[in-house]
Amino acid sequence: MPHFWDGILVTLQILLYGSLISFSVGLLWALAFRAPTRFVRWPVGLITEFIRNTPLLVQLFFLYFVLPEAGIQFSALTTGVVAIGLHYSTYTAQVYRAGIEAVPAGQWEAARALSLPYRKTWTAVILPQAIRRVVPALGNYVVAMLKDTPLLAGIGVLELLQRSRLQAAQTFQYTEALTVVGVAFIVVSYLASLLLRSLERRLVH
């Protein structure tokens, strides 16, 4: 059981920090898509398309095995968190983008009529409305990230599934170990969905 709880803790760390990276970087990508110059929009578009259309496992291997050759090296856990966060940031960017485009044109016109500064228009008028609209979609990607955490075992991260597999190899109780892992993923997914639903209700009201 100690292995199980250690695995749960590592998995939750990956999910928490990966979500923070994906949400924050995704918002930056979305804002860059609306940059007034194509010299910003085009490179951002190319980068996000490349990341989104490349397997996460390939990105994990690249960050963990190739970057050290350039003198950039992190722990396996840090590398995994950064990789999963960046990978999903390209998806959350599209969610933010849709939310921003869904803000009525009248809101932009009202901000201009009030002579609000550009930054104030975004922070006080546009983004609050856009984020309220996209919370459910962002929640879906949190669950997707959770399901992808076992991929980090490929670079040596001992998350829940990997720790349970190692424990089962010692006791030969694979059925019990994998059943507990499956139930744990369902419980964490359910709790995450409840939390996001509660956040959505708060934002709406």
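**View 1. The packing of helix α3 against helix α4.** In this predicted model, the axes of helix α3 (residues 56–66) and α4 come within 9 Å and cross at roughly 135 degrees, where axes are lines fitted to C-alpha atoms, for helices over the stretch in contact, and angles run from 0 to 180 degrees between N-to-C directions.

**View 2. The packing of helix α2 against helix α4.** Helix α2 (residues 38–52) packs on helix α4 (residues 76–101) at an angle of about 120 degrees, with their axes 8 Å apart, and α2 and α4 are therefore oblique to each other. From α2, Thr-48, Ile-51 and Arg-52 meet Leu-86, His-87, Thr-90, Tyr-91 and Gln-94 of α4.

**View 3. The bend within helix α4.** A kink of about 30 degrees is centred on Thr-90 in α4, the bend at a residue being the angle between axes fitted to the seven residues ending there and the seven starting there. Thr-90 is also one of the α4 residues that meet α2.

**Notes.** Residues are numbered from 1 along each chain as its sequence is written. The model is predicted, and local features need pLDDT of at least 70, while side-chain atom pairs count only at pLDDT 80 or more and totals for chains, interfaces and linings use all residues.

Conventions
Side-chain values use heavy atoms; hydrogens and water are left out. Helices (H or I, at least four residues) and strands (E, at least two) are DSSP runs, numbered from the N terminus. Angles under 35 degrees count as roughly parallel, over 145 as roughly antiparallel, 65 to 115 as roughly perpendicular and the rest as oblique. Contact means heavy atoms within 4.5 Å.
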